[in-house]
Number of protein chains: 2
Amino acid sequence: MHLTPAMQAFILHWGEMGAKWGVNRSIAQIHALLHIAPEPLDAEDIAETLGLARSNVSTGLKELQGWKLVKASRALGDRRDTFMAIQDMFDLATAVVEGRREREFAPTIAALRAVAEEAKADATPETVKARMQETLETMQMFDDWYRDISRLPRGVQLMMLKLGAKLARFIPKG
Amino acid sequence: MHLTPAMQAFILHWGEMGAKWGVNRSIAQIHALLHIAPEPLDAEDIAETLGLARSNVSTGLKELQGWKLVKASRALGDRRDTFMAIQDMFDLATAVVEGRREREFAPTIAALRAVAEEAKADATPETVKARMQETLETMQMFDDWYRDISRLPRGVQLMMLKLGAKLARFIPKG
DNA sequence: CCGTCATTTCTGCATCTCCTGAAATATCTG
DNA sequence: CAGATATTTCAGGAGATGCAGAAATGACGG
């Protein structure tokens, strides 16, 4: 697939952003390419376009599918897969947040909960135990909030986003 | 400073979490230690406790101060700095989010805006330009939302968090 | 202005991550 | 089942990151 300079720049920036957030740069670039691509691409095409080894693209695509950011499909009577990124930006954001929550945030909360429990048994000072507990509770509060919100219908979520700070007006006092 | 097994475990998990989110593991550990420490620690103490080179602790502390997660202070008539992490968990979360927005999210939006502009001039296909535009607008929407919310008083923010999905009830229809 | 103590910068090395190309495996066709 | 095509796995190497220790810089007291 031919890339115009602007498309190259887009992919580059997307890759940078990924790198800063702990995502492999190449994988982020593959995602960027699929994100702007008007039609599904096959792995070979991606490898050529981005100048990556075919094998890498394979691994990257697998990972992106694991995050549910990319879907594979195969045209009838074709032998190779073609790949497409989630189209809707809101769905994309949801998938990313949900993925990170599930794989990184939730397990950390669970681990810290166990640690806080362990602290009760060993010689950990009271003040430290209290800090751990507070940490845990706040993280849990954020997690609960996210899970609450994520269950709402998309339309309501969008509304809340667009209302932004104005929402505060409708909050019951006290 | 002596670490009980639970404290060690806490620091380890905090470090792991940091690593997954693109933060240097040692730096995350330094932060974890300061986070649970009941009183301010000096750099020497941190280095010993975590088994890091003194120089690395220095760099790490500088970075943590840059993120406004840690404050340095010096007792009157003392020659060495002591360090303390933000105490309130909500303040911590705010500092992290604000830091990332400022350094990583906002610059990316700006870069993508420039790219979208560039795309108008070069041979980028219409569909691709549209995708870029949509991407930009959604990212901007999230950013606007965050900036809106971040300006509200802490009490209101807490209220919104605790209300969670129930907030949807107060959203005006339409 | 010199000595002490603390901090920071810098250099080289160890480790880890990531990528490539080759080999192995899987899938489909005739 | 043999051949063709696509995908995945894997071992090795290149490059990036992170760390320790040495050297340089800075701050303060006398």
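**Exercise 1.** Among contacts in chain A between residues at least 6 apart in sequence, what percentage join residues at least 24 apart?

*Solution.* Begin with the ground rules. This is a predicted model, in which local features need pLDDT of at least 70, side-chain atom pairs count only at pLDDT 80 or more, and totals for chains, interfaces and linings use all residues. Residues are numbered from 1 along each chain as its sequence is written, chains are lettered from A and ligands numbered from 1 in the order in which they are written, and side-chain values use heavy atoms, with hydrogens and water left out.

Next, the term: a contact means heavy atoms within 4.5 Å. With that rule, 52% of these contacts in chain A join residues at least 24 apart.

**Exercise 2.** Describe the build of chain A.

*Solution.* Step one is to list the elements, which are DSSP runs numbered from the N terminus (helices: H or I, at least four residues; strands: E, at least two). Chain A has 7 helices and 3 strands, and from the N terminus on they follow the order α-α-β-α-α-β-β-α-α-α.

Step two is the spread. The radius of gyration of chain A, taken over C-alpha atoms, is 21 Å, well over the 16 Å that the globule rule (2.2 Å times the number of residues to the power 0.38) gives for 174 residues, so chain A is more spread out than a compact globule.

Step three is the extent: the C-alpha trace spans about 65 × 45 × 35 Å along its principal axes.

**Exercise 3.** Is Arg131(B) buried or exposed?

*Solution.* First, find its place: Arg131(B) is in helix H6 (residues 126–150) of chain B. Then apply the cut-offs (buried under 20% relative accessible area, exposed over 50%, partly exposed in between; 1.4 Å probe, protein chains only). At 9%, Arg131(B) is buried. Finally, look for its partners: leaving aside neighbours within four places in sequence, Arg131(B) is in contact with His35(A), Ile36(A), Ile86(A) and Gln87(A).
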